[in-house]
Amino acid sequence: MSKFITILEGLDRRWIFLAMAISVAGPILYIGITGKTLPETPTPTARAVYKEIEALSPGTPVLLSFDFDPASGGELTPMATSLVHQCAARGLRMVFIALWPLGPQLIDETIKRVILADYPNLKEGVDYVNLGFQSGNESVMKVMLTDFAKAFPITKNGVAVGDVVALKGIQRVDNFPLLITISAGYPGAKEWIQYVISSSGGKIKMVTGCTGVQTPGLYPYYPVQLNGLLGAIKGAAEYESLVNSSLAPKDSSAAVPAKYLEAQRRMGPQLGAHLLMIALIILGNIAFFAQRNSKVRATS
Amino acid sequence: MKPSKTWVIVVAVIVVLVGIRMTIGQGMARAYVERIDQSVEVKANDTHGASTEKWTEWHPVAPKKFEAAQKADPSQTKFAFSWANTIGLWLAAFFTLAIFSFLYRDNPGYRLAEAVIIGVSAAYWGVIGFWDTLVPKLFGALTPNLVHDQVLPSLPAPTNGQVVAMCFALALGLMLLMRLAPKGGWISLWPIAFIIGVTAGLKIVSHVESDLVAQSIATFKPLVQPIVSSESAQSGWMLWPTIWASFANILLVIGVLCCLTYFFFSVEHKGVAGRAARVGIMYLMITFGAAFGFTVMGRVALLAARIEFLFDDWLWLIDPAGKRIVEVASAIGSMLC
Amino acid sequence: MISSALILCAISLDSSGASDVGLANTSITAAGNKADLRGKIPLNELGQEISAPPAAISISAEDVAWDAGGAIKISWQPAAGTTSATKWIVERSEVLAAGQGAGQGPGQGPWTLVTEVPIAETNAVVSKLSPDASFFFRVTAVSPNGSSAVTTTKSAAKGHWNFFISAKLPLFCAILLVSACVIYFILAARRGRPMKVRRIAALEAIKDAVGRATEMGRSILFVPGIQDMDNIQTVAGLTVLGNVSRTAAEYDAAIEVPTSRSLVMEAAREAVQASYLAAGRADAYNADAIRYITDEQFGFVAYVSGRMVREKPAACFYMGCFFAESLILAETGNSIGAIQIAGTAESSQLPFFVAACDYTLIGEEFMAASAYLSGEPDQIGSLKGQDVAKAIAAIIIIIGVVLATGAAIAPQGAMPAALEWLKGVLGS
Amino acid sequence: MAEGSPRIMKRLVPMWIAIIAGFVMLLSAFFPITESLGETVGEIFNVVAAIAFVLGAGSLAKVNLAKISRRDQGWGYAAITLICFAITLVVGLGKIGVPQSTQFPLLGWSGEKDAEGSIFGWIYEFALVPITSTMFALLAFYVASAAFRAFRAKNLEAILLLSTAFIVLLGRTFAGVVLTGWLPDWASGLRLENLSVYIMQVFNTAGNRAIIIGIALGVTATSLRILLGVDRSWMGSGD
């Protein structure tokens, strides 16, 4: 036992790194090969996101802001997929924008993955439109408050927004009853709340999918300024299972396409890593107490 | 410095394993593309007549599609093997492994990846700044015809205000660049002073409005929050939910006030203030612990994405998205199931 | 009475929304596509009112007072009785010279769609109209069966400019109050009133860290965050850098500042150079030690962590706006045994700095660091002013909580009104 | 350095520029005529920042060229950095390999700079993305080693820190459901997944709210110190 403690005390952190690599890679291989995923029970914040979108009648315009880049794609791409999936199934008019320079590509990828693949009858420019990226962070949001077309004068394809059917009746950002943001940092959900939601006087509701780091910082805004929140991959998995179960045809037992299971697949490595973290914290404390006891004995 | 023996062994083992993988089944890490023939009708206008513009683009496609097409017609030309993307895939895998190797220690592989990323990303952001900011904003306002005719035909004409603003921006930028001139470099402090002043002025408004006032108002919570049963309003308060909701509000209000006490600068942390500050620290520690726990999730997801890249796109071990006709993984899978 | 094909399209788009209610989800849910539904639903099968809805009885438009200018509020009175209409379409027209706009009303030009509002609402605010021009407005009720007759304003309305935005008065007062507290104590300090502040361990450690770097003959690493100059944390980080580099110049320690923005590099150079000058060590200043690396977050981190492992700085300062890179930097710094002092207002990153650094300045402490380090009485005075503002905020919170509690216990009493009044005064 | 004028030009003028610019921006928020000034200044800032890239690029080139010419240790890597920088800049600014845009096929420069087929897009996909996202993924490892070292029950604060992290970690995975899922409905509040939500809603909200309020005051005071010319350390401490 004492030998074990000595090893723990002087443990090279590279062993921890190795353990982490194994506990993440193992489940990925297992799930990747067998295709089994863990079940999910949605929490209220994830259910709220689902409910807000479901509450809109078909044809309602929604603003989707992709404020992230591929570096956070691991957490946020599954959310983007499911959010667009539900909006498309609900028949909402989707207006995509990005305040991160790499956002427009991610929008295109999501459109390709969900809309073009499964909702081919939705028309670009009518049922959805990608307005691309605008630089300026929160100043873009402020412009949107007074003049949406000024903030996003042209679509990603270079069409003037005045000619886009999907934007009919959109004068200001508060013409969108719902704002959906997918956010990885600055500018992101917090800035949307600060500059848009708090100035709109309750006209716009907002739901967000964000990284794990941002989640605690956004809880103070829920549920008053923020109506729904997907925190990290767990939130993504909960919401994904909600969307999948509501959209699955009741009579058929056809398997859900793998692209709609991305978040739930990621929960496997998540479990492995979390268990490792917990083990590490316990081991660290065993080492700490053993050390302290031996010190106490030495001094007495 | 010569790479140590351990490194030679580690690299050799990886190379051997990858070599074995390449020879089993379908092999690994190849990229395919699909030919897209673009054809666009151009309407006539003042400068040119009507024409049909044609060109070819190659877009990435799943290996499965290539194999299916090849099976149906071995001489097809719609799908093709892509050298550029295959090399890119191997390069990406190398960079991924090189960065991971930093966890063991600094090494030539990491230094190479580091050197590449600094050069590439600095230039990347310079290019983005040029095409996304300078062209539409600065040139779009000062030389609108050039931008309109060459790059962005749909850019709206600039307003007078925009032209004035961009002239001002250009002047500030030139002052900044005076740093490079042999004399008069001190003038570059002026634009910096302007930016610092503007930032300070703007941030006062936004922080007081959305943080100070809004967050204070959000704390106006009743310490007793009666929860009335929704089924029968006659039954009065529901005991347990009421107690819980009230308790949560009390904890919240105490927490906010104690944490604020911790931030007082002119009061020593002694006596009543000291005790309140200590409670405040406890709240902060719980806040930090929760944030830490949540972050672990996100970080693991990112690691999982990279490992999936290695297993899926590079090694062709797993295939969650169904991009290939996989026989290695499905064989193992049927064994496990 | 539909004026353009585009609006027709909008109406038919919306018809699916209405039929969603009327047909109780028989056809839409599976399709999820409005285009298919156009013209598909036989109107008579709805079993409801077949004719178009009644028009609004009257309409008026007036300038919104004390706004940002150019906004007009349009109000109308709907016809009595229930209707199957789902929304109002609001349109505007500029006032045209006589003779133009043939076929329309007098002086009314082509109508442009302004907004659509649910049928339950009876007013709409149109903003950002050119404040010099006058406009006519008209509303149309729209149901799945068609649209009503239009109701047009009798005279043109104009959105006037105003001098001050009254809705922002509470905010203005709040800023004034906080500023007054800060300025009062700055002036008091200048008059010689003694100001005491509690000690902050992290700030006292800065001098020691610089001293240790000097003793060991190693460099100091200072990272002013990864955001640009339009972030106040970067500015605060640079003010700390001004103070730290002064100490470094006095101790003759080498300081290295990698930045992730060109502008920040330029500003950091100005701050450090002036500090060396003030310390009488202008000759020791090396501009190349303050260098731009890359704007890319993780490219920057790759450089800084590689540099740390190779150069082994004795002290690392992270002062500014940080995101995910915080832990990579702090863990790498920890592995080389550097003294690490961090400060940020990015609350999501505080846990990592707290876990991996020796000292961390939390939020407001970081903002106050420059004032502390300078030791100048007027700057210390401003901290006292900040405290008074904080105490006022705490008192307002307590009053609000008392009112809210009263309102919850006695919803019929005067408390709810008082609570609303307080919120209104604060600008909510 | 010249005598006489420098003190005014180098210290006094910048200070007043900052003071005037700051107060104009502060007040502009309250008057309709100037309300949109913030947006305009935001655009100006972006353009200035883009122009400043010339300075950054200059510094990058200078530092690396010096390394190469001095044959410093690792000068080869400096050369690689410079080569990568030059290549990316050229293919990006020149839009090399970018196909025509389908909207305006006659305009040679209208294609997307990172469109499929462009070299810039290739560099982005196969160098920039893998390196940056792997760098980001390193965090998973550092989170583990930081937790092992720092989460030790040294005192009450540390115990709170580690036990909260513990509950959140457990509550946010399937493990939480397994461990406490058996609790009956009336005690469902004690289930780990619910517990972590309560922690977020009560303690985390309280802590973050106080931090946010504190920062708001800190920002106001910091900005005021700069705008009143009290804190001039951004242009060097001292006089």
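Q: Which domains does the domain assignment give for chain D?
A: Welcome to this predicted model. Along chain D, the assignment places domain 2 at residues 97-137. The other two entries are domain 1 (1-93) and domain 3 (141-235), so the names asked for, by the bounds of that assignment, are domain 1, domain 2 and domain 3.

Q: Which three residues supply 81% of the area that domain 1 of chain D buries against domain 2 of chain D?
A: Let's start with the pair of domains: their C-alpha centres lie 26 Å apart. Here 5 residues of domain 1 of chain D touch 4 residues of domain 2 of chain D, and the area buried between these domains is about 370 Å². On the domain 1 side, more of the buried area comes from one trio than from any other three residues: Thr88(D), Val91(D) and Gly92(D).

Q: How many salt bridges are there between domain 1 of chain D and domain 2 of chain D?
A: Carbon and sulfur atoms give 81% of the area buried between these two domains. For salt bridges, the count between the two domains is 0.

Q: Which residue in E14(C) is the bridge partner of Phe317(C)?
A: Let's move to chain C, where an open sheet of 6 strands has the order E12-E11-E10-E13-E14-E15 with parallel pairing. Its edge strands are E12 (290-292) and E15 (359-362) of chain C. Within this sheet, 5 bridges join strand E13 (residues 315-319) to strand E14 (residues 339-344) of chain C. In E14(C), Phe317(C) has as its bridge partner Ile341(C).

Conventions:
Residues numbered from 1 in each chain as written. Chains lettered and ligands numbered in written order. Predicted model: local features only at pLDDT ≥ 70, side-chain atom pairs only at ≥ 80, totals over all residues. Heavy atoms only, no water. Pairing = 2+ DSSP bridges. Helix = DSSP H or I, 4+ residues; strand = E, 2+ residues; numbered from the N terminus. Contact = heavy atoms within 4.5 Å. Buried area = accessible area lost by both parts, 1.4 Å probe. Salt bridge = Lys/Arg side-chain N within 4 Å of Asp/Glu carboxyl O.
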